[in-house]
Amino acid sequence: MQSGVVSDAEALELAELGQSALPALMARAAALRDAAFGRTVTFSPKVFLPLTNVCRNRCDYCSFRRSPGDPGAWTMSHDEVLAALDRAAEQGCCEALFCLGDKPEGAFRQYRTTLAQIGHDSTVEYLHWAAERALERGLLPHTNAGVLTRADMQRLRPVNASLGIMLESASERLCEPGMPHHRAPDKRPSVRLHMLREAGELRVPFTTGVLIGIGETRRERAEALLAIRDVHRAHGHIQEVIVQNFTPRPGVPMAGVAEPSDAEMAHAVALARLILDPEISLQSPPNLNPTRTALLLAAGINDFGGISPVTPDYINPRHPWPHLDGLHAACATEGFALRARPPIYERFATPLHLDASLAAPVAAAAARLSSVRMPSDLSASLRAAPARFTEVAP
Ligand code: SF4
């Protein structure tokens, strides 16, 4: 098997390889990772702020979304946002992740009323306000608010270190009747790829990713990764790609669907590492893969994404963040050092990609994290608090 990033044709061939070829595929991906990132694996100490869980889409695997009036529908108040940001700053977090429902004001009058009562005329205005409050506390905002327009991104760029949206899949087939994205107009691949391209035109450091196990074929996975690679080659702004596994939750249409196996996840990660250009960071969430640290490292990841000492993963509340002590030890066993990083990668912290107003806060955050060594230099709360989240309700 050859080394190096693969051609489109080879990517589609690798996607179809059988189980016996997996060890060689993983070894090739791991070698590429080692060449680009060495034996360091990173994570971002974050606070998760789901500004609202009201969403106009209905993805068949989602237990996060609500319509206004549903039990559990929640739009954060100013006080709730400020309290979470204060806790995060106290406990040494670096990233303020704003992750929320998609286009709620376009679908729900009741949500527009709620927003007005809070004092904002749009979700993007609320995001801008919240990001300013995060920056005041030394936290770097990263926003994933679903599909944003060019104007939305222009508005948010000066107060966000980076933006993101999961492509999830490039398959239109998954939008057909009976498929998981049929009731989710914002999951049309063309819509999301359009946003990825516009973010590139605006030179926004960008996070995207693929979702594994929602009914896509292996070929469709490869096609989604190739689409991301093409956008990155046109604009150079994709800083990281998440390979995220579907996990079943009670009460959703896909509750009875099995999550992807170890082999399927290893194949997806290795395929991503081989398809994506080497400078793109490759991430898989540790709370969704608590027994797979060694496997994911062997398949080519170099990052675990955000881990929070102060808030649960609101999208996947049944999956607690790992203890950093344990993650550090598991990485060390595999020959990797675990390091904290900010939500913008160093090579994007330049005037080309970063608004001038963010240069100082990004430099300060990077300097603060550069002195952190796992696990002894982290505050006790940052190391141990995630255990609190094991009992968070779905
Ligand atoms: S996955 Fe995202 S877009 Fe889909 S229903 Fe849930 S919150 Fe909405």
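Visitor: What makes strand 6 (residues 238–245) count as mostly covered?

Guide: Eight of the eight residues of strand 6 are buried. A residue is called buried if 20 or more other C-beta atoms lie within 10 Å of its own. The model is a predicted one.

Visitor: Which strand pairs with strand 6, and in what sense?

Guide: Strand 5 (residues 206–212) pairs with strand 6 in the parallel sense, over seven bridges. Two bridges would be enough for the term, because strands pair if DSSP finds at least two between them. Within this pairing, Thr207 stands opposite Glu240 of strand 6.

Visitor: What makes strand 1 (residues 40–49) and strand 9 a pair?

Guide: Strand 1 and strand 9 are joined by four bridges, again in the parallel sense, and the criterion asks for at least two. Ala337 in strand 9 is the bridge partner of Thr40.

Visitor: Why is helix 10 (residues 262–275) called largely enclosed?

Guide: The helix has 14 residues, and 11 of them are buried, so the rest of the structure largely encloses it. Among the buried ones are Met265, His267, Arg273 and Ile275.

Visitor: How do you know that the span of helix 10 agrees with its number of residues?

Guide: At 1.5 Å a residue, its 14 residues should span 20 Å, and the end C-alpha atoms are 20 Å apart, so the two values agree.

Visitor: Why is Ala83 called partly exposed?

Guide: Ala83 has 13 C-beta neighbours inside 10 Å. Exposed would need 12 or fewer and buried 20 or more, so a count in between gives partly exposed. Ala83 is found in helix 3 (residues 78–90). From Ala83 to Met265 there are 182 residues in sequence and 37 Å in space, C-alpha to C-alpha.

Visitor: Is Glu168 buried or exposed, and what is the reason?

Guide: Glu168 counts as buried because it has 26 C-beta neighbours inside 10 Å, against a cut-off of 20 or more. Glu168 lies in the loop between strand 4 (162–164) and helix 8 (189–201). Its phi is near 70°, a positive value in a residue other than glycine.

Visitor: And what makes Arg203 partly exposed?

Guide: Arg203 has 18 C-beta neighbours inside 10 Å, and therefore counts as partly exposed. Arg203 lies in the loop between helix 8 and strand 5. Phi of Arg203 is near 55°, also positive in a residue other than glycine.

Visitor: Which residues surround the ligand, and what kinds are they?

Guide: The surrounding residues include Cys55, Arg58, Phe64, Asp102, Gly146 and Asp186. The shell divides into five nonpolar, three polar and four charged residues.

Visitor: How do you know that the radius of gyration agrees with a compact globule?

Guide: For 394 residues, a compact globule would have a radius of gyration near 21 Å; the protein has 20 Å, so the values agree. The C-alpha atoms fill a box of roughly 60 × 50 × 45 Å along the principal axes, and 49% of the 394 residues count as buried.

Visitor: What share of the contacts with a separation of 6 or more comes from residues 24 or more positions apart?

Guide: Such residues account for 78% of those contacts. The secondary structure of the protein comes to 14 helices and nine strands.

Key
Residues are numbered from 1 along each chain as its sequence is written. This is a predicted model: local features need pLDDT of at least 70, side-chain atom pairs count only at pLDDT 80 or more; totals for chains, interfaces and linings use all residues. A residue is near a molecule or strand if its C-beta atom, placed from the backbone, lies within 6 Å of it. Ala, Val, Leu, Ile, Met, Phe, Trp, Tyr, Cys and Pro count as nonpolar, Asp, Glu, Lys and Arg as charged, and the others, Gly among them, as polar. Helices (H or I, at least four residues) and strands (E, at least two) are DSSP runs, numbered from the N terminus. The radius of gyration is taken over C-alpha atoms; the globule rule is 2.2 Å times the number of residues to the power 0.38. Two residues are in contact if their C-beta atoms, placed from the backbone, lie within 7 Å. The expected span of a helix is 1.5 Å times one less than its number of residues.
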